[in-house]
Amino acid sequence: MTSDLFNLGYQFLVNISFLMFAAMGLTIVLGMLNIINLAHGEFIMMGAYTATIAVHNGVPFVLAVMLATFAVGIFGAVIERLVIRRFYGNKLNALVATFGLSLIISQGTLLLFGPFLQGIKMPLGGFKVGDYSYATYLLVIAGLAFVVLGALWFLFYRTRLGVDMRATMQNPDMARALGVNTSRIYMFSFALGAALAGLTGALYAPTTTIVPLFGSSFIAPAFITVVIGGGANPLIGALASSSLLALVQTPLSSEFSAFAGRIGLMFAALLMMRFLPDGLSHYIQAAFLNRRRARAEKSR
Amino acid sequence: MSLLELKAVRRAFGGIVAADGIDFSLAAGERRCLIGPNGAGKSTFFKLIMGLIKPDSGSIHLDGSDISRDEPFRRVQRGVSMKYQTTRIFPTLTVAQNMFIASPGGKLSEVAAWGLDRLELARNAARPAGELSYGQQHWLEMCMALGNAPRVVLMDEPTAGMTPQESQRTAQFIKELGDRGIAAIVIEHDMGFVRGLEAPTTVLHQGRVFRHGSIAEIERDPDIQRIYLGDAHG
Amino acid sequence: MSSYNSLAAPGTSASPRSFLERTGLDGQLTVFGGRWYWSLFVLVFGAAATFPIYGSVFTALNFTSFLINVPLALGLALLWGYCGVLSFGQVAFFGIGGYAYGVLAINWGLGAATVGAAVCALGLTALAAAAFGYFLFYGRVSAWIIPVLTLVLTLMLETFLGQTAGLEWRIGDAQLGGFNGMTNIPSITVGPFSFDGFSLPLFYLVLALVALTLAGLRMLANSHFGHVSMAIQEDQERAELLGYDIRRYQLTIFVIAGLLAGLSGILYASWGNFIQPTSVGLLASTFPVLWVAVSGRRSLTSVAIGTVALSALSDTLAVYSGELAFVVMGAILLFGMMAAPNGMVITLLRGIARLSRARK
């Protein structure tokens with residue numbers, strides 16, 4: 001019984017961390033820059049490829065992950081300068097243009113590197129609980145997901161840069177008038193989003209085959225998680241929607257098949273997007289503000 | 001029986017009470033001015049009538065039927081129409097196209113045709129609406145609001161940015177609308193225009209109906225001056 | 001717009017409107033028109049129709065597959081260019097049309113039954129579009145969620161179809177076939193004519209359908225319905241306050257677009273005798289968007305031309321390298337959006353029109 005519970009708990013953590021990692025980069029870009037980046041999946045793939053190639057060239061895994069994160073981040077900054085900034089204020093054109101970018105990157109990778117790369121082994125081995133065996137590494141990833149989320153929270157709410165970013169997000173004109181270099185903030189934000197995508201790809205590289213369409217299994221869950229989370233508060237939104245979606249997906253995939261889990265997730269997503277159009281973070285924030293206001297009124 | 005009636009309509013946004021138990025009544029063909037200091041809730045009042053905002057409590061009636069739960073387009077189909085404060089015509093389309101869109105089924109209503117003629121917009125039929133002068137754009141929008149042959153038109157600061165001659169013309173136009181049986185509620189800040197309309201005036205303050213009377217009475221009232229200028233304790 | 005005679009100043013007579021304007025074939029909301037346009041229209045379709053005589057039949061047959069994409073693209077152009085709704089889900093209806101036709105045609109057999117299968121498949125597609133459209137528009141979700149929602153629909157369908165490999169996944173005699181798709185789908189047959197990819201009847205059918213669709217959509221665009229849809233795109237709240245139930249307009253156009261996508265799907269199944277999940281996949285869902293965006297979503301004619309050109313281009317490139325084809329398409333998309341955000345074909349055609357006017 002407890003081993004079954006542990007199994008479910010483990011699956012839940014694996015699913016929620018997958019969604020969180022897939023979504024974090026995208027939600028920052030959407031929340032800060034208000035554009036939909038369809039090349040997000042390709043950034044993830046680039047992270048996986050960079051880490052894999054590094055490891056095959058003797059770089060220790062941890063360093064390879066950091067290298068991948070950094071490299072994709074730099075690439076993101078370059079892309080922001082050259083391409084993305086022409087599309088601010090035009091979500092739909094940005095969507096189309098980034099789709100073109102994703103085609104170039106993924107198919108270009110296919111051309112240059114062939115249909116797949118030799119993979120890397122999952123580190124840290126495994127352990128058993130009851131009848132089931134588990135991979136330690138996936139638990140590490142789960143832990144890292146929360147660490148990264150915490151780091152992002154720290155960045156946004158405890159640093160000067162974070163204040164500038166939030167100001168730019170809420171009112172760019174005002175922020176500019178107060179001396180914030182919004183142009184640099186935008187570039188940094190997109191680079192941060194790309195770096196997070198690169199990190200995701202690098203971390204998940206040992207778990208699956210390294211193919212040019214590596215990112216495609218991340219992109220739909222990423223979008224779903226981000227849209228459901230909403231732009232009101234990207235971090236809370238990502239956390240809340242990952243939790244809810246994983247809550248739907250886990251029992252389904254455990255009881256039936258991974259694929260039933262996916263369909264269930266998408267179906268739940270459809271319903272949530274339709275009936276909670278402002279995103280979960282909006283409602284969470286509203287409830288939180290209302291409680292604070294009620295408390296303030298009472299103390300008057 | 002009144003044409004348009006609001007009963008104890010209340011609407012709050014978080015801590016701000018934009019409408020605090022409004023009772024309002026308008027007869028068919030009646031002209032009414034709506035004035036009040038900024039933040040009094042005048043635009044909210046219009047949005048409540050049009051259904052862009054739903055009331056927290058209270059009800060809105062048109063011709064006796066309760067429209068409080070109706071979608072905005074339903075209310076327009078039933079005979080209420082609004083002219084926005086900033087012009088929201090379709091600037092890339094021609095005057096004729098704008099009117100075509102404003103006419104249900106594509107048939108120009110009689111009163112809209114009369115309006116276009118009266119305001120001399122008919123000869124600009126083929127011009128893109130964005131090329132009209134500011135005042136003419138306002139007039140186009142008024143004609144568009146007449147497209148569905150409404151019973152009552154809400155006008156939010158129709159003369160903002162107009163020249164004095166255009167304002168006079170607009171006041172005359174609204175009076176003639178009344179002659180044709182179309183009621184109008186006009187939000188305005190321009191006291192000259194309000195005087196020219198010669199209509200009963202309702203004053204809104206802090207989401208409530210503060211005073212109601214003729215414009216002459218309103219202008220003489222010291223309380224009104226106070227709410228506009230603010231008193232020492234406010 | 002006959003009611004506009006009353007807009008003329010009293011005393012002058014409004015100019016009589018041409019036949020083209022009265023039917024809506026020409027009008028304010030279609031970008032290109034007039035005598036030159038229709039002369040070229042007749043010329044181009046005439047040349048295409050007679051091509052098998054002076055040109056190669058093989059090229060004509062190849063061309064059919066490009067033409068089949070046009071209804072799909074035109075549906076999206078109507079939806080996106082005239083109503084402001086960007087849908088990544090058009091391929092879902094392409095797939096529903098194709099698979100439905102496949103299931104029905106395999107079970108009902110050859111001959112006239114295939115026509116029945118095609119008609120029923122269209123009906124089913126319309127129903128599916130209506131159902132999903134209702135879900136989409138009657139919730140009044142904000143405009144940018146629609147692309148994501150339609151993308152999710154497409155992915156759900158692809159995921160579902162992809163795992164139907166087992167033998168138990170069958171409807172009657174039709175095996176869904178998983179990733180390999182459904183095969184041995186009979187082509188539509190009417191009497192001695194078989195509308196398949198190896199003979200000319202399908203070429204002529206598709207050509208006729210493209211011409212009819214283009215003309216029909218033009219009439220729709222120039223009608224009152226088309227004007228209101230455009231108004232909804234420009235300023236949704238304003239359109240609502242003019243007394244229109246915008247949800248009904250959006251739903252109607254969504255169903256029309258879905259029908260056109262389904263039509264393309266049925267024609268595809270008849271042409272190739274197969275249909276597979278990749279036609280409904282993530283990559284495929286972006287093709288219509290690519291065709292419409294690069295061509296110029298405001299002009300139906302540009303989209304028709306651009307779709308054929310882009311399909312031909314990617315087909316040619318794929319001969320050398322499939323990946324290269326995608327890279328080039330991606331590059332066209334990216335640079336097209338940067339250089340000509342309104343669309344490359346429409347910008348080009350507008351330039352030509354302006355030059356010829358300047359010369360007069």
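Modeller: Before we start, one term: buried means under 20% relative accessible area, exposed means over 50%, and partly exposed is in between, using a 1.4 Å probe and protein chains only. This is a predicted model, where local features need pLDDT of at least 70, side-chain atom pairs count only at pLDDT 80 or more, and totals for chains, interfaces and linings use all residues. Residues are numbered from 1 along each chain as its sequence is written, chains are lettered from A and ligands numbered from 1 in the order in which they are written, and side-chain values use heavy atoms, leaving out hydrogens and water.

Biologist: Thanks! Is Trp291(C) buried or exposed?

Modeller: Trp291(C) is buried, because its relative accessible area is 7%.

Biologist: And which ring does Trp291(C) pair with, then?

Modeller: Let me begin with another pair. A search of the whole structure finds 39 aromatic pairs over all chains; rings of Phe, Tyr and Trp (its six-membered ring) pair if their centres lie within 6.5 Å, and planes under 30 degrees apart count as stacked, over 60 as edge-to-face and the rest as tilted. One of them joins Phe160(C) and Trp169(C), with centres 5.4 Å apart and planes at 85°, so that pair is edge-to-face. Your residue, Trp291(C), pairs with Phe287(C): the centres are 6.3 Å apart and the planes are at 25°, so this pair is stacked.

Biologist: Where do Phe287(C) and Trp291(C) lie in chain C?

Modeller: Both are in helix 11 (residues 282-295), four residues apart, which is about one turn of the helix. Helices here are DSSP runs (H or I, at least four residues), strands are E runs of at least two, and both are numbered from the N terminus. Phe287(C) is partly exposed, at 24% relative accessibility.

Biologist: What about chain A, which rings cluster there?

Modeller: Phe6(A), Tyr10(A), Phe127(A), Tyr132(A) and Tyr134(A) are linked into a cluster by ring pairs.

Biologist: Switching to chain B: how many helices and strands?

Modeller: Chain B has nine helices and 10 strands. Of its 234 residues, 57% count as buried.

Biologist: What radius of gyration does chain B have?

Modeller: It is 18 Å, which agrees with a compact globule of 234 residues, since that would be near 17 Å. The radius is taken over C-alpha atoms, and the globule rule is 2.2 Å times the number of residues to the power 0.38. Along the principal axes, the C-alpha atoms of chain B fill a box of roughly 55 × 40 × 35 Å.
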